[in-house]
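Open the structure in your viewer and keep the sequence panel beside it. The stops below say what to select and what is there.

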Amino acid sequence: MTTQLTELFESNRQWAALTEAQDPGFFSKLLEQQTPQYLWIGCADSRVPANELVGLLPGELFVHRNVANVVAHSDLNALSVIQFAVDGLKVQHIIVVGHSNCGGVKAALNDLRLGLVDNWLRHVKDVRHQHQAFLDQIDAERRVDALCELNVLEQARNVCTSTVVLDAWTRGQEVVVHGWVYGLHNGLLDDLKMTARAAEDVDTAYAHALSGIRDRYLAA
């Protein structure tokens, strides 16, 4: 690798040429509008490329990523993305996506000290503490993935209870919130059934999704 990262610029040129050859006028059309139907809130992990996982092109998926796919009510960055997606782009689906063997979740589970990010991962530790009794019933090697899924539920619920989404639902705007998890080991997405399209759906969806996680992990 060179200090100027010339290999990345070369790869970019090849990608742009191939994309334009396959779909003439592709970039001109992107200039005209951005009309994604989906907002993906995922982990910053480089092994989880949002667009590629669901086979969508640039312009078809609005993406926000951070360590351990957290949606904190105090995080103006995430909330600003959600507001622009809902109020500006009129997305119809907000999808919170965690992934198996997440390093941030693993650190929160095992009280690993990593530096400044420890403060951010307090949000995931809160999830751990909330579900500690359940996690203690699971084999140690499966707890990371269980907490990854529990974290998705909590963050999806945070999306649902954000002022942006509640206001959208109040005015009758169609916005559906989903909670998914991605398997690094098989490349597949799983729907955790944390799906809400109105404020009155949230508690029921959360309880249903939580019951599904408990059943799967305790039955194994």
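**Start at the end of a helix**

Select Asp 111: this residue follows H5 and has a positive phi, near 55°. Helices (H or I, at least four residues) and strands (E, at least two) are DSSP runs, numbered from the N terminus. The model is predicted, so local features need pLDDT of at least 70 and side-chain atom pairs 80 or more, while totals for chains, interfaces and linings use all residues. Residues count from 1 along each chain as its sequence is written, and side-chain values use heavy atoms, without hydrogens and water.

**Back into H5**

Select residues 103-110, helix H5. Gly 104, Val 105, Ala 107, Ala 108 and Leu 109 are its buried residues (under 20% relative accessible area, 1.4 Å probe, protein chains only). Show H7 (122-130), H8 (132-135) and H9 too: the buried residues of H5 pack against them.

**The sheet**

Now colour the five strands of the open sheet, in the order E2-E1-E3-E4-E5. Pairing is mixed; strands pair if DSSP finds at least two bridges between them. E2 (61-66) and E5 (189-191) are the edges, each pairing on one side only.

Zoom in on E1 (residues 38-43), which runs parallel to E2 over six bridges. Pick Ile 41: its bridge partner in E2 is His 64.

**Helices on the sheet**

Which strands does H9 (residues 143-160) touch? They are E1, E3 and E4 (176-182), with contact meaning heavy atoms within 4.5 Å. The direction of H9 makes about 155° with that of E3; axes are lines fitted to C-alpha atoms, for helices over the stretch in contact, and angles run from 0 to 180 degrees between N-to-C directions.

Conventions
Buried < 20%, exposed > 50% of the residue type's maximum accessible area, 1.4 Å probe, protein only.
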